[in-house]
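Trainee: I am new to this structure and would like to go through it with you. Could we start with the terms and then turn to the details?

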Amino acid sequence: MTLLMKMMKWTNGIARWGVVFVLVLVTFAGVALAQPAPGSTPAGDPAGSTAAAPADSTRATPGTSTTSPTAPTSPADGDARKACTTAMNADPKFAADMIATLHDIERTADPKLAAEIIATVHDMDTIKVHTDAMAHVQKNEQHVIYAYAAMWIVAALFVIFLWRRQQALQAEIATLRRDLEAAADEATADKARS
Amino acid sequence: MNKFAVPLFATLAAVGIAVSVYLVFFVAPLEYSYNEAGTFNGSSLFFNQKIFYFHVGHAFWLFGAVFVSGLSSIGFLSTRDPRWDDVASASTDVAVAFGAVVLLTGSIWGKAAWDVWWQWEPRLTMSLLLWLVLVGYVLVRKFAGPSADRIAAGMAIFGMVGVPFIYKMVGQSSHPAAGSQGVVATLPPGERGSFWISVASFLCWYLALVISRVQSTRAERELRELRERGLDLGVLQ
């Protein structure tokens, strides 16, 4: 009986310590799970990349961006970049504000991220130059006007040439008619004289 | 020759050119071409391609006019019938005008598309030589004296023989290709109607000019013959 009592106390002790041990394990696991894995995206960030930073940073106070400067890894990166580019192209003021914000970031918080984004903005300037050049080629009316002018000028010159030839021909016909009439008159006069 | 032919063809040409201008600028799409990457390639002409409809239309009838002139000259040399010579002379005059349009519009197109006014390549050089032969024909007729018509007929035949070489050379360089795989044969449906209406309009324009020129050349010749006869008979002095 005494032995039985001792065994029960012993098992209670084990159970108590077991419970403590399990609680410690659960705590560690919870803490471990709560920690972000190295290189993973922060929870709740739908864009989850540096590409989202420009759009977000313009809405935040300069210097308060919390996004990490990790490389783009998910398919959403391209969409976010495209959305940002579209927004910047659509509103020059937005683009200017964003560049100013990026310069603030460069000075205060995250120079590497800011430099990367500013380089992208400069690429966009290059793209804009090419886009403007293409638009100029598309709507270039100058050479078409030259070509049509050349066509009509040549046609007009040829018609003028034909008209002048016709005038010369009529003048020649008039001269011939006059000569014939003079010859006829002379012949009539000769007949009358004889 | 029917006296209504010139007004008829001139009216058809005026209406046709007005319609084709409308179609070219308001109906025919802009010319785009893409490469495999989905971006515009270097041969895209966009608005400049509007020159094509009139440049090629004139080129067609330049070649047609040179053939008419050459064949009429063969007819004149073999029969000595001056009516053949009238047709050859009239057709060559019109060919000089059409050739000037082809060279000028082609040069402007080259500047717009390739940023060069002129290249000394075989096709362009041959086209210029053909035009110079035609100009030479006109000068010979005016200044070569009594045998001018026969010398000019030989030049017209020489010019006609050169046309197939020019046609063959088109597409051998930066110029768009001709023939069954050429630009005209592979025109998109949206551009085809505008192009062929423009070609038909320039045919009417060519016919109006040639018939008018033949009539005046024939009248000049008859007048000259009458004057010579009057001088021979002693009626005129």
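Mentor: Let us begin with a term: a salt bridge is a side-chain nitrogen of Lys or Arg within 4 Å of a carboxyl oxygen of Asp or Glu. This is a predicted model, in which local features need pLDDT of at least 70 and side-chain atom pairs count only at pLDDT 80 or more, while totals for chains, interfaces and linings use all residues. Residues are numbered from 1 along each chain as its sequence is written, chains are lettered from A and ligands numbered from 1 in the order in which they are written, and side-chain values use heavy atoms, with hydrogens and water left out.

Trainee: How many salt bridges are there over all chains?

Mentor: A search of the whole structure finds ten. In one of them, the side chains of B:Asp86 and B:Arg221 meet at 2.7 Å, N to O. This pair links distant parts of the chain, 135 residues apart: B:Asp86 is in helix H3 of chain B and B:Arg221 in helix H6 (residues 189–233) of chain B. Helices (H or I, at least four residues) and strands (E, at least two) are DSSP runs, numbered from the N terminus.

Trainee: Is B:Asp86 buried or exposed?

Mentor: B:Asp86 has a relative accessible area of 2%, so it is buried. Buried means under 20% relative accessible area, exposed means over 50%, and partly exposed is in between (1.4 Å probe, protein chains only). B:Arg221 is buried as well, at 12%.

Trainee: Which residue forms a salt bridge with B:Asp93?

Mentor: That residue is B:Arg213, and the closest N and O atoms are 2.6 Å apart. Again the pair links distant parts of the chain, with B:Asp93 in helix H3 of chain B and B:Arg213 in helix H6 of chain B, 120 residues apart. Both B:Asp93 and B:Arg213 are buried.

Trainee: Going back to B:Arg221, with which Glu does it form a salt bridge?

Mentor: B:Arg221 forms one with B:Glu225, where the closest N and O atoms are 3.5 Å apart. These two are separated by about one helical turn, because they are four residues apart in helix H6 of chain B. B:Glu225 is partly exposed, with a relative accessible area of 40%.

Trainee: Which residues are linked with them in a network of salt bridges?

Mentor: The network consists of B:Asp86, B:Arg218, B:Arg221 and B:Glu225.

Trainee: New topic. How many helices and strands are in chain A?

Mentor: Chain A has six helices and zero strands. Of its 194 residues, 22% count as buried. Contact means heavy atoms within 4.5 Å. Among the contacts in chain A with a separation of 6 or more, 58% are between residues 24 or more positions apart.

Trainee: What about empty space inside the model?

Mentor: Rolling a probe the size of a water molecule over the atoms shows where empty space is left. On a 1 Å grid over the protein atoms alone, a cavity is a set of points where a 1.4 Å probe fits but cannot get out, and a pocket is an open set with protein on both sides within 12 Å along at least five of seven lines; lining residues have an atom within 4 Å of a point. Grid points are joined across faces, edges and corners, and a volume is the space filled by probe spheres set on the points. The count comes to one cavity of 30 Å³ or more, and about 50 Å³ of space lies in the largest cavity.

Trainee: Which residues line the largest cavity?

Mentor: The lining includes A:Met151 and A:Phe158, together with B:His58, B:Phe98 and B:Trp205. Helix H6 (142–193) of chain A and helices H3 and H6 of chain B each give two or more residues to this lining. H6(A) gives the most, with four residues.

Trainee: And how is the second largest pocket lined?

Mentor: Its lining has 25 residues, of which B:Arg141, B:Lys142, B:Thr217, B:Glu220 and B:Arg224 lie nearest its centre. The volume of this second largest pocket is about 750 Å³. H6(B) gives the most to its lining, with seven residues.

Trainee: Last one: where does B:Ser107 lie?

Mentor: B:Ser107 lies in helix H3 of chain B and is buried, with a relative accessible area of 16%. Leaving aside its neighbours within four places in sequence, B:Ser107 is in contact with B:Val116 and B:Trp117. B:Trp117 itself lies in the loop between helix H3 (82–114) and helix H4 (122–143) of chain B, and B:Trp117 is partly exposed, at 44%.
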